[in-house]
Amino acid sequence: MKRIGVFVCHCGINIAETVDVKRVAEEAMQMEGVTYAQDYIYMCSEPGQALVREKIKEENLDAIIIAACSPTLHESTFRAAAEEAGLNPWQCEIANIREQCSWVHTDREKATRKAINIVGTIVQKTRLNESLEPIPVSITKKALVIGGGIAGIQAALDIADSGYKVILVEKESSIGGHMAQLSETFPTLDCSQCILTPKMVAAGKHPNIELLTYSEIEEVSGYVGNFNVRIRRKAPFVDWSKCNGCGLCMEKCPAKVSSVFDRELTTHGAIYVPFPQAVPNKPVIVKDSCIYFKTGKCRLCEKVCEIGAINFEQEDQFIEEEVGAIITATGFETLPVADLAEYGAGDVPDVIDGLAFERLLSASGPTVGEVRRPSDGMVPKEIVFVQCAGSRDPERYKPYCSKICCMYTTKHALLYKHRVHDGQSYIFYIDIRTGGKGYEEFYHNAEEEEGIIYLRGKVAKIFRDGDKTVVWGTDTLTGRNIEIAADLVVLATAVIPKDSTAELVKKLRIHTGPNGFLSEAHPKLRPVESINSGFFIAGAAQGPRDIPETVAQASAAACKVISLFSRDHLEQDPAIAWVDEDLCGGCRICISVCPYDAREYDEEKGIVIVNEALCEGCGSCVAACACGATQQRNLSDSQIKSMVTASLRGE
Amino acid sequence: MAKIAYYPGCALNERSSHLDRSARDATVKLGFELDELDTWTCCGAVPPVSEERVMNLIAPSRILKDVRDSGRDILITICDFCYNTLKRTNYSIKSDEITRKRVNAFLADDTPERDYLEKDDSLWEDYEGEVKVIHLMEYLRDELGYDKIAGSLEKPLKGLKIAPYYGCVMLRPQNEIQLDDPENPSIIEDFITALDARPVKYPYRTECCGSYLSVSNPDASTRLCYRILTSARNSGADAVVVSCPLCFYNLDSRQKAITEAYSDFKPVPIFYFTQLLSLALGVDCGRQGFEKHYVDVTPVLDKIGVSTGKGDE
């Protein structure tokens, strides 16, 4: 008979307040197989772990049960402690009496009885647990980073600098992302281009980085350490290996396409690079706008290109790659002004969004940094900034705070004041949120020294009246309605996930939350990992965030990848499905229920085997197996039956 | 001719009978008949749905149940207050089980047959929101189609510039009414276009006319109406079109007070949408009840070459 030790944690008052932990330990002592039971205030602390290690040896224990929090939190902690004391880690089990008991109940007597019951159930499982060994899995030490904004660039550079190969995939023709559109960055006002473009160049030249721009992920299969990725390289209709970036083709192209990079404030030809500092600095032809593709005539770019780089016959190419880890850093978009009906639904020319205003402020923008409004090019003397345009509005738009708007709007008003000295700006806000190093000081300076008028209240309506743009709002501090006939209105529109993120997550089999942003494995303790192993996340694709936070998170994600690659092989949890070859009839029902493609039909043996590297131990096939051939290690039918019996005996 | 159940409500029965009559005339021209319910009561005119009291929903629920019991599933209203009250009552009954049960308990208790029901409740069928409440303009847009109207015009309103006025309850709250975007609607604009007139853009089309403040604080309503009408006028409108009797009252009759209070004010004729519709469909001008208007509509009628024929009523 196994000698089992039970360790009951108080978790401070988290468990002890609702559950009589001493009684749980006493009752556990009476259970068959339990030879030792003890409670302690913080079992996960060093003295708590020391107690566990000490008693394993002193009491000569064969297995231990920690009655504490959820196994997702500290199972690995206690398994490591057990191993240190000479036990097989799979002889350590967790009885969750916090999330599944003390936190959700208030009646102390009933909660205590339930906790005893939970422990009794786990004792039954533990009695029949086998000692297992982890399954070694090989690892491809090459990373895939999806998204070439500042998050993707930073992550790729960090991984590449540590000596591992990286494939950086970007949908647009150049890397740089939204940061390349910005003028100056808060709170230090350093020029965005000046700090970003060197990193873009470094990413473009790094010997360990393979840059695949104008490319998209087609398909992803495999598992941590061994992913197979299929990438579509969209045809740019320009032979990039020949093109020297002279730009003559772009000058001559007669087509007019609204510039996405310039927030539709300017146009460019059908053959274009999004901005002069692009990496790689190679043009692409937009097929839908190209006159030749539409009418069969033109080919002007081809005529002017002296080196013959234009190639209208080019087709999309597909690349297969093997990688060990994937970082998703697909960034954000902002709520279209057209969606905001009360703010003119995009029909008022002098109502623009924050990114468009960045272009107006930018030295490389359409006005070369002079603030001129879109309708007639006039220098605006009065600007109204509207924060929370679509954010913090659960009834009509997005419920969440977009986080970056308080700071960038203050920056906008400040830069405007620096450019137009007699200009007046007004900022409508709900709250000013300036959590960040130097942020509050930045805001105070703007408010007190720069004469920016902050109005606490929401804007009800914006409409055009002659050449003015009229803003109706309210100042909740004075209780008055405000009407401003402004020259320009800038909306701090809500930060939203990119359209394409939803489709990408399906291919990757990672998850998004209710607002479409990528979900992390744990909001505090595993913020850069997806719940599916091998997938990491960085940047605003996970939620609204500013540049410092994005860069920090990108480096953190890179660090997780590097730590993964630093091992010779990965260890797969052995508590997964296995097949009794004598019982399996080869019906293949398990293949249809497996969400991880881990079940494969073996033609030779006529049975269905388990791919141990892919199996996550979810148990779907075990439940589906009609003849009992598939079993889960340490969750055998007899274990489950005795656990059910024990749990029913309790009530 | 198809008959569709029709709830006129109090205003159309009395002060706004010209809205009722022009609607009936116009729909007949369009090939269907507004079939007034045999018996109907006051719907409550919005207060029933402005607070959470089941008792207040009984009157509108009874109207809806009677429509269902008569074997019909569509009910047309024209007054915005009736539309709002009936549609939202129906929404509450449909979406909230507790409201549904309580309303039906009251209704059952209220029926003349309740003594029989106590013995045999199989005679009773709960009202579960089966009736679809439709605004006449919604019916014209979604069921009949504005293009059908455009194709039936006998007297197109060519050359008229008309300012649409939405008021408050026709579109709000959006999740319950779902007629159009309350911040940027287009249903009246498209209606005006179908009559071959031109809709005028102005910012006050969805702003408040003062509603019942007309009684308790008439000066406030005067100020609001002045802003609405002046904005419409300055944007080039020949007239303002409404569907709500209270909007009509405020925007039309109040122009007397506005003229006294604001020296720069120039009167703006107000029309019910049904009047414009029936005029455009060729109904005689004398049937429009223009003598009930405070502001003279003749300048508008002259523009489209219609003789007023005042006093024909």
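## Confidence of the model

pLDDT is the predictor's confidence in each residue, on a scale from 0 to 100. The complex shown here is a predicted model, and in chain B the mean pLDDT is 91, with 97% of the residues of that chain at 70 or more. For the complex, the predictor reports an ipTM of 0.80 together with a pTM of 0.82.

## Domains of chain A

The domain assignment of chain A gives domain 1 (4–132), domain 2 (142–234 + 316–331 + 500–565), domain 3 (248–304), domain 4 (334–496) and domain 5 (572–633).

Between domain 2 of chain A and domain 4 of chain A, the centres taken over C-alpha atoms are 30 Å apart, and 13 residues of domain 2 are in contact with 20 residues of domain 4. The side of domain 2 of chain A that touches domain 4 of chain A is made up, by class, of five nonpolar, five polar and three charged residues.

## Domains of chain B

For chain B the assignment gives domain 1 (2–133) and domain 2 (155–303), whose centres, again taken over C-alpha atoms, are separated by 27 Å. Contacts link 22 residues of domain 1 of chain B with 21 residues of domain 2 of chain B.

On the side of domain 1 of chain B that touches domain 2 of chain B, the elements giving two or more residues are helix 2 (17–29) and helix 5 (80–95) of chain B, and helix 2 of chain B supplies the largest share, nine residues. By class, this side of domain 1 of chain B has 10 nonpolar, five polar and seven charged residues.

Key
Residues are numbered from 1 along each chain as its sequence is written. Chains are lettered from A and ligands numbered from 1 in the order in which they are written. This is a predicted model: local features need pLDDT of at least 70, side-chain atom pairs count only at pLDDT 80 or more; totals for chains, interfaces and linings use all residues. Domain bounds come from an automatic or database domain assignment. Two residues are in contact if their C-beta atoms, placed from the backbone, lie within 7 Å. Ala, Val, Leu, Ile, Met, Phe, Trp, Tyr, Cys and Pro count as nonpolar, Asp, Glu, Lys and Arg as charged, and the others, Gly among them, as polar. Helices (H or I, at least four residues) and strands (E, at least two) are DSSP runs, numbered from the N terminus.
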